[in-house]
Each structure stands twice: as structure tokens, then as C-alpha cells.
Amino acid sequence: MTLYLKYRPQKIAELDLKSVRERLEAMVKSGRDLPHAWLFSGPRGTGKTSTARILAKYVNCRGKDKPCNKCETCVSITNGSCPDVIEIDAASNRGIDEIRQLRERVGLAPMTTDYKVYIIDEAHMLTTEAANALLKTLEEPPEHVLFVLCTTESEKLPETVVSRCAVVRFGRPSIDEISDRLEKVAKSEKVKLDLGDIKEIAAAARGSFRDAVKLFEQVMLGEGDVKKMLGASDKSDPQEFLGMVRAGKTKEALGRVDELVQGGVDLRKFVEKCVELLREELIGSVTNEKTANSGELIKLIEGLEKAYGRMKDAAVVQLPIEIFVIENSKAPVGFEPQSRPSNGQAPNAKQPPSSIEQKIKPQISGLVTGGSKLDDVMGKWQEVIKAVRPKNHSVEALLRSTRPVDFDGRDLVLEAFYEFHKKQLETERCRLIVEEAVGEILGVGQVKLKMKLGNSPVRVQKVTDDLKSDELIETAREIFK
Ligand SMILES: [Zn+2]
């Protein structure tokens, strides 16, 4: 048994997510009847299924301190042998059949327990037909039935289904919450790890309890060199892969895809994780007014969705994602999308331009028309960005999504691609930071910043969009030869 399964929480009080734990404790303590239909929504690895099982035990436990985890019912649910707790994976073919059967059998009384509990995993994958069948049952669930729908994408579920459920949101756990879990596991396994190492594993798990415990297990089985182990496991880190794509490191990103295939990583799952990350960043960019480039994010998400759809029938399973890399990893000159390399690896040396690069480059340089001093700014642009960083992170991020287009020694014209970015940089606070940094780095004293709105970064995409997909495949072939 994996450590994750061995140490998954077995009681409400043991739940790792504070918000979920407190919500359920309050509902249970209130003494009111529990809802018959639940929707657990949140990212993978945050404990939705574990919580569903605890709920199943809670309503059926014969012991005093529910769930006691000792009575026959509790034990049978824990080891998965209870005939009245039915787990259905809606993403599998069998799942669809099981939902069909559900309607026929849902009226039958449970065999050994008080409540029949249906745990429907990946509920957003239900077909319309299955969702409708389920809906009929949710409208008037029989007294003896409890439904727990688990999903990573509740927005894909029909509103009619969601509205009939008590919704519990499983947020991404904090590093502290993950560390707490790891400390419990370490203690039970009698493994000594210092807090620094535990935090490092927790951070590397990126919001997944399951991944955290898996990493912990790897570290435990290995020589205990946490840093080395984490370095090795980073290959399937979607963050790092996306960083390569967004930084325009085409060959590196393609190399990574190859490594994933060699390493037996499930590419569809990997793409799902990538989309999940980008989606979070996108939502964050809208709700927290972070300065991420939402146009770029949407483009990447759409590209990945397209690749995801094609993967099912692709003759070469990794080809769709390779095409995604080629289509999306071209950064225009002087435009460096935000990338977050996780372990300070040196960027690859310059690579010979691929045929797509050759097609795109002239178009990009054509866009750059400026005074004679523009080259000076361009040459030191990264230095300017670096100098701004300690002063203000959001200005730094804003600068990364702009491009110098003119400089005459005093007036610096920056091109932003979104009105929002332009406005932010025009505020006095931001403007002064940029002006000061440019003046200092270039040694020119007084600088005046002027913002202009350029075409959205889609301009690069356009070039590739116009290419026939045959050409893309041809280019992919060229690169791999
Ligand atoms: Zn019990």
C-alpha cells in the first residue's frame, strides 16, 4: 500500500484542509440532518475522495465516536469491501454503465448499512445522458441514499446538478497544511526529516497532498537527499514545462516532452495539470489584478485544449503536444513572457533557428522601428527589468510584458499590449520607478516614459496560425531529425 493510502485521513478531525474540516465539523455538530447530495470540488490530490469515504463511514458507523474506524462497517469501508459504498469513476466506460445501473438500483435498500453511498469521481466527465439520469435521482434522492460528487471542474457540471448539492470547496492547501500532513506521516513511519526538508517537499508538491506524500516516499526510499530527489522528480513539473514554452525555449520544451514519454508519464494527465495551472493563473490575473498577460494565458490554454482533444486519436501520441510547443513557444524579440524556472537552471545556449523561427523573425524585427539609441535600451533591457525587481514586483512583471520601441536618449517609448498594462505603467508611481531605472542603467540621467498600445502578442501567433498543419508536422519532423 502506498503511504498516501496508508495515512489518508480517517476522521473528520484528521482532515488536512482546515476550511473543509471546520465546515464538516460544524454541520455534524449542528445535529441537523446531513444533505443527501454533496459536491466536493477542487484540484486533484486535495482529499476529496478521502473525505467522501469519511462521510460514508460517519453516516453508517455503529460505534460511538463516529466514525470509530473499528466497527465492521467502518473497516469494510476503509478496505473498500463494503457493498453499499459504491465508487464510480465517471471518466471510465464502466462508469457510464454504472450510472445507468444506478437509476435502477438506487431504490433498493442498502444491504448491510443504513445508507447507500455513491461516490462519483470525476463527475464533470459524466455524459449528458448520465448526468440527466443522475439528475432525476438527485431531484428526489431516496431516504437511504447519499451522493458525493467529486470533481476538479465543477463549472463543467450542469447548473441543475450543482444546485441540488451541498457544495464543499477544496482549496489548494497551503505549504503549512501539506507540511503538517507530512510530519504526521514521518512520525508514524519513524523517519527523521528536518522541518526545512519537509517544507521543501511540501512546496514541490504544488498543492497536492497526494503528490507530497509520494515525494516523501521517494525521498524516504532514496538516500534521503531531498534536493537531489526533488530535482529528479521535477521532470513532470508542469510549471517548469510551461516556463520553457513561455520563455520561447522550443527545443528544451520538446526535449522535455520526449523525456516525459520515455519516463512513462501519462501525457493527457500532464496536459490536464498544465491547463489547471494556467487556469489558476488566469483566474488570479482577473480577480487579484495580478499582471499576468491574460491574452497569452488564454492562447496557451486553448492550445493545450486542442492538443488534449487530438491526443486521443493521434497516431503518435506526443505529436499534438509537440505541435503545441512549436506553435506557442516563439517569443518575439525583446518580449520575454513571465517564466518561473524553479531551480535556477541555466538557460540553454542559443539554438539554431528552426524554419518557423525564420518565418517569424523578419516580421518581428519589422515591428521594431526606433531611434538610434533604441539598441542601447534593448541591449540592457533585461538589466532594467532586474533593477526594477527589488523596488516593485508588479512593475517588473508589467515590464516583462512590454517592449521598448523608441528611445532618443530622453524619451523612451514602451509598447504594451493591453490597455490595463499601459494604464498601470502610466501611473506616476510606476512611471517614476521605470524612468529612474532606465536613467541609471543607461547612464543618461533624465528619462521620460511614454506608453503606447501595440497589437496584442497574438501577432506572432498569427504567423503560425496561417501555416497549414501539414507544415507544422513537417517542421516537427525537421526538428526531430
Ligand atoms: Zn465505526
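This is a predicted model: local features need pLDDT of at least 70, side-chain atom pairs count only at pLDDT 80 or more; totals for chains, interfaces and linings use all residues.
Which element gives the most to the lining of the second largest pocket? Residues are numbered from 1 along each chain as its sequence is written, and side-chain values use heavy atoms, without hydrogens or water.

**View 1. The second largest pocket holds about 1,200 Å³ of space.** Its lining has 42 residues, and E122, H124, T152, E153 and E276 are the closest to its centre. (A pocket is an open set of points on a 1 Å grid where a 1.4 Å probe fits, with protein on both sides within 12 Å along at least five of seven lines; lining residues have an atom within 4 Å of a point.) The pocket lies between domain 1 (3-169) and domain 3 (238-352 + 460-480), because both give residues to its lining.

**View 2. α14 gives the most to this lining, with 7 residues.** Elements giving two or more residues are α3 (48-60), β4 (145-151), α14 (267-287) and α15 (294-311). (Helices are DSSP runs of H or I, at least four residues; strands are runs of E, at least two.) By class, the lining has 20 charged, 12 polar and 10 nonpolar residues.

**View 3. Helices α12 (residues 238-246) and α13 (residues 250-262) cross at roughly 150 degrees, their axes coming within 8 Å.** That makes α12 roughly antiparallel to α13 (angles over 145 degrees). E240, F241, M244 and V245 of α12 meet E252, A253, R256 and V257 of α13 (contact means heavy atoms within 4.5 Å). This contact has 5 nonpolar, 3 charged and no polar residues.

Terms used. Grid points are joined across faces, edges and corners, and a volume is the space filled by probe spheres set on the points. Ala, Val, Leu, Ile, Met, Phe, Trp, Tyr, Cys and Pro count as nonpolar, Asp, Glu, Lys and Arg as charged, and the others, Gly among them, as polar. Domain bounds come from an automatic or database domain assignment. Axes are lines fitted to C-alpha atoms, for helices over the stretch in contact, and angles run from 0 to 180 degrees between N-to-C directions. Angles under 35 degrees count as roughly parallel, over 145 as roughly antiparallel, 65 to 115 as roughly perpendicular and the rest as oblique.
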